[in-house]
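The following exercises concern a single protein chain and are to be worked through with the sequence and the model in view. Each task is followed by a solution in steps.

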Amino acid sequence: MNLAKRQLSKSTSSTYILAKDEGQYSIICIEENESETQIYKAPKITADKKEATRIFKRIALGKVFGATLIDVVYNLIN
């Protein structure tokens with residue numbers, strides 16, 4: 001499991017988690033701002049650890065918002 005925290009804007013921060021469940025890797029984004037916390041998930045993106053780590057690093061470094069998480073993951077897979 002990998003974890004990365006990023007400040008997306010002045011009032012919004014995000015925590016990215018790379019988790020393995022049933023042999024598949026998923027990326028979870030917990031987005032927090034002053035008034036609420038939202039959780040987004042890109043489930044079962046790949047079974048390959050190297051590929052999952054590559055995608056996770058690009059998402060964390062790119063500071064992806066939760067609402068676009070799945071779109072970004074699919075673009076990085078192709």
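**Exercise 1. Characterise the salt bridge that involves Glu51.**

Step 1. Glu51 is partly exposed, with a relative accessibility of 23%; the term covers values between buried (under 20% relative accessible area) and exposed (over 50%), computed with a 1.4 Å probe on protein chains only.

Step 2. The partner of Glu51 is Arg54, and their closest N and O atoms are 2.7 Å apart. A salt bridge here requires a side-chain nitrogen of Lys or Arg within 4 Å of a carboxyl oxygen of Asp or Glu.

Step 3. Because the two residues are three apart in helix H1, about one helical turn separates Glu51 and Arg54. Arg54 is likewise partly exposed, at 31%.

Step 4. Two conditions apply to such values. The model is predicted, so local features need pLDDT of at least 70 and side-chain atom pairs count only at pLDDT 80 or more, whereas totals for chains, interfaces and linings use all residues. Residues are numbered from 1 along each chain as its sequence is written, and side-chain values use heavy atoms, leaving out hydrogens and water.

**Exercise 2. State how many salt bridges the structure holds, and describe the one formed by Glu22.**

Step 1. The structure holds two salt bridges.

Step 2. Glu22 pairs with Lys44, the closest N and O atoms being 3.9 Å apart. This pair links distant parts of the chain, 22 residues apart: Glu22 lies in the loop between strand S2 (13–21) and S3, and Lys44 in strand S4. Helices (H or I, at least four residues) and strands (E, at least two) are DSSP runs numbered from the N terminus.

Step 3. Glu22 counts as exposed, at 67% relative accessibility.

**Exercise 3. Determine the order of the strands in the sheet and the strands that stand at its edges.**

Step 1. Four strands form an open sheet in the order S1-S2-S3-S4, with antiparallel pairing. Two strands pair if DSSP finds at least two bridges between them.

Step 2. Strand S1 (2–7) and S4 stand at the edges; each has a single partner strand, so one side of each lacks a neighbour in the sheet.

Step 3. Nine bridges join S2 to S3. Leu18 has Ile27 in S3 as its bridge partner, and Ile17 has Ile28 in S3.

Step 4. Seven bridges join S3 to S4, and Ile30 stands opposite Ile39 in S4. A hairpin of four residues joins S3 to S4.

**Exercise 4. Identify residues other than glycine that have a positive phi.**

Step 1. Most residues other than glycine have a negative phi.

Step 2. Lys44 has a phi near 45 degrees and lies in strand S4 (residues 37–46).

Step 3. Lys63, with a phi near 55 degrees, is found in the loop between helix H1 (49–62) and helix H2 (69–77). Lys63 is partly exposed, at 40%.

Step 4. Glu22 has a positive phi of about 55 degrees and sits in the turn of the S2–S3 hairpin, which has two residues between its strands.

**Exercise 5. Report the confidence of the model.**

Step 1. The chain averages a pLDDT of 93, and 100% of the residues score at least 70. This score is the predictor's confidence in each residue, from 0 to 100.

Step 2. Among the elements of the chain, H2 has the lowest mean (92) and strand S3 (residues 24–32) the highest (96).
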